[in-house]
Amino acid sequence: MYLKFLLITFIVHSSCLNLLDICQSGIRDDGINYVHCARKSLTEIPHFSSNRLFNLAFDELILSDNLITHIHANVFNGLRIKRLIMSGNHIKSIDENAFRELENYLEELILEFDSTIVDRIPQAIQTNLINIKSLTLIGLNLRTLSSNIFNQMKKLESLTLKSCNIQFIEINAFNTIDKHLRYLYLDYNKLNEKIFIEINRLILLEKLSLSHNYIQEFDIKLLNFNLQYLDLSYNYLKKLILINMNNLQILNLQNNLLTSENIYGSIPKQLKELILDFNSINIINKNFIIENNSLEFLSIQSNEFLLTNSNIFQHLNKLKKLNLARNNIQIIPKGLFNFTPSLEDLNMDRNPLLSLSIDTFSGIEYSLHNISCQSCSLTSESLIAFSCLKNLQRLKLQSNLLTNIYPENLFSSMLKLHVIDLQRNQLIQISSEFPSSLRELVLSNNRLTILPFNNQTFQQLSQLITLDLSSNPLQCDCHIKPLYYWLLKHFQSELVPYVQWICSKPEYLVGKKLGSLTEHQLICQEKEISSFSVWLKDSETIIIEWSLTSLSLPLKLIVMENNNLLPIINLNKTQNYYVLENLKSSTNYSLCLQTNEQYLCRNITTNNQQYISLSSSSSSSSSSAIIDIEYLIIGITIGIIIILLILFILILFLIKQRKQYPHSLKSTTIDSYYQTTGSDTTQIATCNNSIEEHSIKSLKHHQSTPIFCYCQLPSNYCQDQPSYHIYHEIPLYNKPPVII
């Protein structure tokens with residue numbers, strides 16, 4: 001007897017421990033007591049009454065996503081729960097008295113059935129739920145919703161029959177609940193427009209959801225005036241009539257076959273949310289949006305919607321959210337947003353040819369908080385359009401063609417900015433100027449190598465929580481240390497080595513994660529490119545000069561023309577200059593020299609005039625160019641002055657010589673010649689005076705002056721003979737010359 005008592009005690013104790021291991025109980029923030037037994041692979045409902053450790057008066061029992069197929073009678077004995085959730089169980093059968101113990105307590109019930117077996121609403125649900133307020137049945141194979149099913153449910157306010165294969169609703173199906181049913185959800189069935197006759201009997205109905213059915217036409221005037229929410233999404237609607245629905249606040253018509261021509265009437269005056277996504281609506285009819293409307297959210301995604309003029313939103317002065325994604329919009333008319341002064345959220349995603357200008361967002365400069373332009377083929381020149389948005393909080397520009405941030409202070413001027421998403425662009429450099437309010441910065445999947453983040457940057461970004469640099473070719477040298485320290489501080493230590501910030505330089509760290517390195521591995525080597533300058537020769541020619549520390553390095557020139565990448569040029573390392581010709585005038589060029597370890601860029605703009613207009617990423621290069629030009633001008637000026645001075649001195653010297661030797665220019669001539677070939681043969685020409693006479697006369701004046709004789713050619717000289725140099729110098733001596 002004693003052993004039997006011990007065995008029973010052990011079994012009861014073991015079952016208590018097992019139930020405690022399976023289910024958890026607690027109190028939610030709203031004060032609801034609950035027992036949570038979801039996703040525990042249970043095959044039947046546990047016997048909570050046998051476990052004294054559980055409070056049997058809890059409000060909510062969650063048994064969803066288990067393997068329960070049958071609900072037995074008396075299984076809820078002793079429980080006083082108000083809400084029972086059993087979705088995701090594929091129930092096959094329910095005993096007739098299964099909910100007898102809960103009929104005075106249960107207010108909300110959610111059940112999911114096996115549609116291959118259960119083809120009617122079980123009797124236990126029809127008779128034992130007299131206090132039920134919310135009933136959700138999923139997966140029944142009803143086909144027809146019969147009448148008199150809900151006769152015992154005098155308090156039912158919300159009814160959901162989802163995925164129940166309902167094709168027809170009998171007359172008086174809602175007969176006993178038509179005076180108090182407020183929410184009706186018939187999604188994922190096979191209903192058509194004929195059901196509205198029965199639904200119209202629900203005079204207090206506030207919410208009606210008929211998503212994923214077979215409805216082709218809808219006349220909203222068939223419904224009662226109290227309806228506030230209507231969901232007709234994912235049907236086959238081709239025609240829509242909107243009349244006399246003054247209380248309707250939310251209308252969802254997405255994924256239908258509607259066109260602008262088949263929408264009649266005007267939106268209800270109290271309508272706040274209108275969803276027209278994935279239809280074929282290309283324009284808004286003139287009278288569709290009335291004056292003094294209450295519309296706050298308008299979504300026209302994927303409609304080939306045309307922004308034909310700036311007046312199409314003229315009555316939407318209360319609009320707060322606008323979705324124009326996937327419409328192939330190319331141009332936003334000037335002044336379009338002047339009629340939407342309250343707009344806070346704008347979605348322009350996936351308009352692949354979108355063009356923006358500096359005045360695109362005129363009218364919403366101070367109201368707009370969130371903007372998304374994903375996959376719009378935006379270039380860096382388009383960023384100037386966002387500079388006027390002073391109160392922007394979220395800026396999403398992922399999957400575009402951005403190469404840099406222009407202007408550089410674009411983000412810092414947005415003092416309330418919290419999120420910047422620039423992932424999947426072509427960024428090669430990023431601004432270092434960000435507002436102190438920034439919390440999330442996403443730069444993944446770009447071409448960033450060198451980052452401008454230093455200790456001062458991270459001190460300013462004290463609220464930054466998320467920084468994503470994955471899939472960038474980072475240069476892991478000494479300059480990346482501030483980023484390395486931030487990584488160690490803001491990530492859990494065990495996760496730091498696995499953060500996907502991958503090094504691409506230097507060579508010995510290629511492929512390694514930044515978080516897996518030590519501080520001593522982040523060192524800087526000698527610069528490979530010691531100087532780099534660009535010159536504008538004329539409007540079509542640029543001269544590039546550089547110097548390298550090693551000629552063994554591969555050197556590439558990367559040219560961006562208005563942010564469009566041109567073919568990469570492999571430079572001759574033995575030279576120190578390169579000439580780019582046949583360029584476009586008045587065009588922005590970004591010229592980058594790349595080696596294995598270094599990447600330097602200069603920006604330059606060609607002009608129509610023949611003057612230099614140079615903008616460099618390094619201010620020292622432009623100043624050095626001006627200094628070199630000044631030195632060149634000064635050198636030329638000094639050279640001219642020196643030459644003039646030498647000529648002046650030479651002229652003075654010659655004048656002085658002439659005054660000192662006034663007769664030095666007199667000479668005696670003699671006709672003499674010799675062959676240019678250098679022959680010793682000479683011929684004596686006839687002179688007016690003999691050599692001896694001239695020599696003697698000259699000796700009387702200046703014995704030191706040389707005598708020149710200019711002679712005539714003899715008359716018998718033949719012109720066919722070789723040419724001769726006709727000059728001869730006769731030196732004078734102190735003694736009279738001896739004539740032989």
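Is Cys-478 buried, partly exposed or exposed? I looked this up in the model, which is a predicted one, and found Cys-478 partly exposed, with a relative accessible area of 26%.

Entry on the bond of Cys-478. I found that Cys-478 forms a disulfide with Cys-524, the sulfur atoms being 1.6 Å apart. The torsion about this S-S bond is about -90 degrees, so I noted the disulfide as left-handed. Cys-478 sits in the loop between β28 (474–475) and α5 (481–490), and Cys-524 in the loop between β29 (503–505) and β30 (529–538), so the pair ties together parts that are 46 residues apart in sequence. Cys-524 is also partly exposed, at 34% relative accessible area.

Entry on the other bonds. I noted four disulfides in the structure, and with the bonded cysteines numbered in sequence order the pairing reads 1-2, 3-5, 4-6, 7-8. Cys-23 and Cys-37 are joined with their sulfur atoms 1.9 Å apart, and the torsion of about 125 degrees makes this disulfide right-handed. Both partners are buried, Cys-23 at 3% relative accessible area and Cys-37 at 0%. For Cys-592 and Cys-601 I recorded a sulfur separation of 2.1 Å and a right-handed link with 110 degrees about the S-S bond; Cys-592 is buried at 0%, and Cys-601 counts as buried at 10%.

I found Cys-376 in no disulfide, the nearest cysteine sulfur being that of Cys-373, 5.0 Å away, and Cys-376 counts as buried at 0% relative accessibility.

Entry on the annotated span. The unreviewed UniProt entry lists residues 631–655 as "transmembrane region"; in the model I found this span to be 100% helix, with its end C-alpha atoms 37 Å apart.

Notes. Residues are numbered from 1 along each chain as its sequence is written. This is a predicted model: local features need pLDDT of at least 70, side-chain atom pairs count only at pLDDT 80 or more; totals for chains, interfaces and linings use all residues. Side-chain values use heavy atoms; hydrogens and water are left out. UniProt positions are given in the numbering used here, feature names are shortened, and annotations may be inferred rather than shown by experiment. Helices (H or I, at least four residues) and strands (E, at least two) are DSSP runs, numbered from the N terminus. A disulfide is a pair of cysteine sulfur atoms within 2.5 Å. Buried means under 20% relative accessible area, exposed over 50%, partly exposed in between (1.4 Å probe, protein chains only).
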